Each structure stands twice: as structure tokens, then as C-alpha cells.
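Open the model in your viewer and keep the sequence panel beside it. The stops below go from one selection to the next.

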Amino acid sequence: MCMRCDGYSWEEIERHTDVAIRVHGYTTVHVEAQPPWTYTIGAYESWDQPELIVVDIESAIQKAIVHAVASDYVEFGEVADATLDLLDVELVTVDESHFVDGLVAAWENRYSLAASTGDFVQVVPGPSWCCDDCGQRLRRLDEIRRAA
């Protein structure tokens, strides 16, 4: 569950976020909804790089993927192609139509602005991460969101 859902105030969340960014350069937010998602805060301010987001796969895998990709930010200031190949993931720019429902609310709260195209990249797991059935259910956030 996210810190807000666990009962923390926005002030407490901001303090936690601040400390994590000062120590590690970024922090992660995990939202245990159905389906769950995980994203970073701090990549832009620390390395002038887009934030990362992973959706639609098991929570533990989301967190592992985000930290594995973000470790390149920490070490190199950008994500290496070799890392993407090794992890069997792809980075795609998130279309701003996906931000209308508070997808990255803690990020928007921290920076006091609405997320837009270019602020986030989705880490899309490749075929090695999913069976054929679940691989077909993965949303691609680089595609314009269609009205339901």
C-alpha cells in the first residue's frame, strides 16, 4: 500500500521523500491497487532524467525492475542500453493522457505541477517477464488513452 493509504500525512510523506532523494537520489512510490503500479520521484532533480513507472505486473517484480533500472541513474546518470537488454525491458515515454486520474499524485504533489509527456518513461517488461496471456494484458502508456 502507499504511505498515504497507510495513514501518513502529506507532510510526513514529503519528509520521507526528501530524505530518500537526498540519500539515494530518488525514491519509489508503490500503489497497491488493482492493478498495482510503482514509480520514482527524484530522477529529474537528481540526474535531469525522466521518472520511471512500471504497471500491470506483480508488485515485487515492479519494485525490482524500477530499482534495477534506477541503479543506472545512480551509477551513470542515465540508463545504459546494455542494462535494458540484460533486464529485457524497454523504456517508452508515457503519454500525458494517463496522468489525469492521479497516477503519479505524490510526484505532482512534490513538484506542484501536473505531469506531462516527457516527465515519465514506462519500463515495459519484455517477453521473458510474462507468459503469453499476461504479456498481452500489459498496458503501454506511450499509447494515447482511450475513453472507456
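Is F99 buried or exposed? F99 is buried, with a relative accessible area of 5%; buried means under 20% relative accessible area, exposed over 50%, and partly exposed in between, taken with a 1.4 Å probe on protein chains only.

Before going on, note that this is a predicted model, in which local features need pLDDT of at least 70 and side-chain atom pairs count only at pLDDT 80 or more, while totals for chains, interfaces and linings use all residues. Residues are numbered from 1 along each chain as its sequence is written, and side-chain values use heavy atoms, with hydrogens and water left out.

**Stop 1: the aromatic rings**

A pair of aromatic rings is described by the distance of the centres and the angle of the planes. Here the ring centres are 5.6 Å apart and the planes stand at 50°, so the pair is tilted. Rings of Phe, Tyr and Trp (its six-membered ring) pair if their centres lie within 6.5 Å; planes under 30 degrees apart count as stacked, over 60 as edge-to-face and the rest as tilted.

F99 sits in the loop between β4 (89-93) and α5, and F120 in strand β5, so the contact ties together parts that are 21 residues apart in sequence. Helices (H or I, at least four residues) and strands (E, at least two) are DSSP runs, numbered from the N terminus. F120 is buried, at a relative accessible area of 0%.

Now extend the selection to Y39, W107 and Y111: ring pairs link these residues with F99 and F120 into a cluster. The structure holds six aromatic pairs.

**Stop 2: D18 and R110**

Select D18 and R110 and show their side chains. They meet in a salt bridge, 2.9 Å from N to O; the term stands for a side-chain nitrogen of Lys or Arg within 4 Å of a carboxyl oxygen of Asp or Glu. D18 belongs to helix α1 (residues 10-24) and R110 to helix α5 (residues 105-111), so the bridge ties together parts that are 92 residues apart in sequence. D18 is partly exposed at 28% relative accessible area, whereas R110 is buried at 18%.

With D18 and R110, they are linked in a network of salt bridges. A search of the whole structure finds seven salt bridges.

**Stop 3: D56 and R139**

Next, select D56 and R139, whose side chains form a salt bridge of 2.8 Å, N to O. D56 lies in the loop between β3 (51-55) and α3 (59-76), and R139 in the segment after α6 (132-137), so the pair ties together parts that are 83 residues apart in sequence. R139 is partly exposed, at 37% relative accessibility.

Then move to R140, which forms a salt bridge with D142, the closest N and O atoms being 2.9 Å apart. R140 is partly exposed at 27%, and D142 is partly exposed at 31%.

**Stop 4: the backbone**

Most residues other than glycine have a negative phi, and most peptide bonds are trans.

Go back to D56: its phi is positive, about 70°, although it is not a glycine. S112 also has a positive phi, near 50°. S112 lies in the loop between α5 and β5 (120-125) and is exposed, with a relative accessible area of 68%.

Finally, which peptide bond is cis? The bond from Q34 to P35 is cis, with omega near 0°. P35 is in the loop between β1 (27-31) and β2 (37-41).
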